[in-house]
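I opened a new notebook page for this chain. The plan is to look up one thing at a time and write down what I find.

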Amino acid sequence: MLMTTTPTIEGRTIRSYHGVVAGEAIIGANVFKDMFAAVRDIVGGRSGSYEKTLRSARETAFEDLAEAAGRLGANAVVGVDIDYEVLGEKNGMLMVAVSGTAVTLE
């Protein structure tokens with residue numbers, strides 16, 4: 001499944017539009033990751049555990065997006081938008097939402 005943030009794909013013609021599709025992933029950040037991230041904030045550097053969690057959530061959301069487009073008979077998704085949100089009473093959940101327009105390319 002070809003996915004792009006652009007509204008068109010250079011050199012390809014959109015034959016039909018199938019509608020808006022979306023994929024979401026909500027992942028909880030556990031307390032151990034929070035503790036190590038706090039230490040990382042003090043001493044500096046990147047938080048590998050959060051980066052891995054974020055990457056996993058984004059991949060899951062894109063897989064859901066591709067499946068939704070495929071169910072409509074599309075072979076591509078254009079105009080993809082990626083959003084990140086922190087949810088929960090104590091901001092303990094991470095949500096990644098992706099959406100776009102399912103299309104069939106010639």
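Which residue in β4 does V21 stand opposite? I looked it up, and the residue is G100. I note here that the model is predicted.

**Entry: the chain as a whole.** I listed the elements and found two helices and four strands. Read from the N terminus, their order is β-β-α-α-β-β. The chain has 106 residues, and 28% of them count as buried. I also looked up the accessible surface, which is about 6800 Å². Carbon and sulfur atoms hold 54% of that surface. For contacts, I took residues at least 6 apart in sequence; 76% of these contacts join residues at least 24 apart.

**Entry: the sheet.** I traced the strands next. The four strands make an open sheet in the order β1-β3-β4-β2, and the pairing is mixed. β1, residues 2-3, and β2 are the edge strands; each has a single partner, so one side of each has no neighbour in the sheet.

I then went through the pairs. β2 and β4 run antiparallel and are joined by 13 bridges. Across from E85 I found M95 in β4. β1 and β3 are parallel and pair over two bridges. M3 has V77 in β3 as its bridge partner.

**Entry: the cores.** Which residues have the most contacts inside the largest nonpolar core? I noted V21, A61, L65, A69, V77 and A102, in a core of 13 residues. The elements giving two or more residues to this core are β2 (14-28), α2 (48-71), β3 (76-87) and β4. The biggest share is from α2, with five residues. Another core lies apart from this one and has six residues, including I14, A76, V78 and L105.

Leaving out residues up to four places away in sequence, A69 touches M1, V21, A74, V77 and A102. V21, V77 and A102 had already come up in my list for the largest core.

**Entry: D83.** I picked D83, which lies in strand β3. Is D83 buried, partly exposed or exposed? Its relative accessible area is 36%, so D83 is partly exposed. The cut-offs I needed for this are under 20% for buried and over 50% for exposed. With residues up to four places away in sequence left out, D83 touches M95, V96 and A97. I checked A97 separately: D83 and A97 are 14 residues apart in sequence, and their C-alpha atoms are 5.2 Å apart.

**Entry: M93 and the surface.** M93 is in strand β4, which covers residues 93-105. Its relative accessibility is 34%, and therefore M93 is classed as partly exposed. Which residues form a nonpolar patch on the surface with M93? They are I26 and L87, and the accessible area of I26, L87 and M93 together is about 230 Å².

Conventions: Residues numbered from 1 in each chain as written. Predicted model: local features only at pLDDT ≥ 70, side-chain atom pairs only at ≥ 80, totals over all residues. Heavy atoms only, no water. Patch = residues over 30% accessible without salt bridge, like charges linked within 9 Å, V, L, I, M, F, W, Y side chains within 5 Å. Areas by Shrake-Rupley, 256 points an atom, 1.4 Å probe, with all protein chains shown as cover. Salt bridge = Lys/Arg side-chain N within 4 Å of Asp/Glu carboxyl O. Buried < 20%, exposed > 50% of the residue type's maximum accessible area, 1.4 Å probe, protein only. Contact = heavy atoms within 4.5 Å. Core = buried A, V, L, I, M, F, W, Y, C linked by side-chain atoms within 4.5 Å. Pairing = 2+ DSSP bridges.
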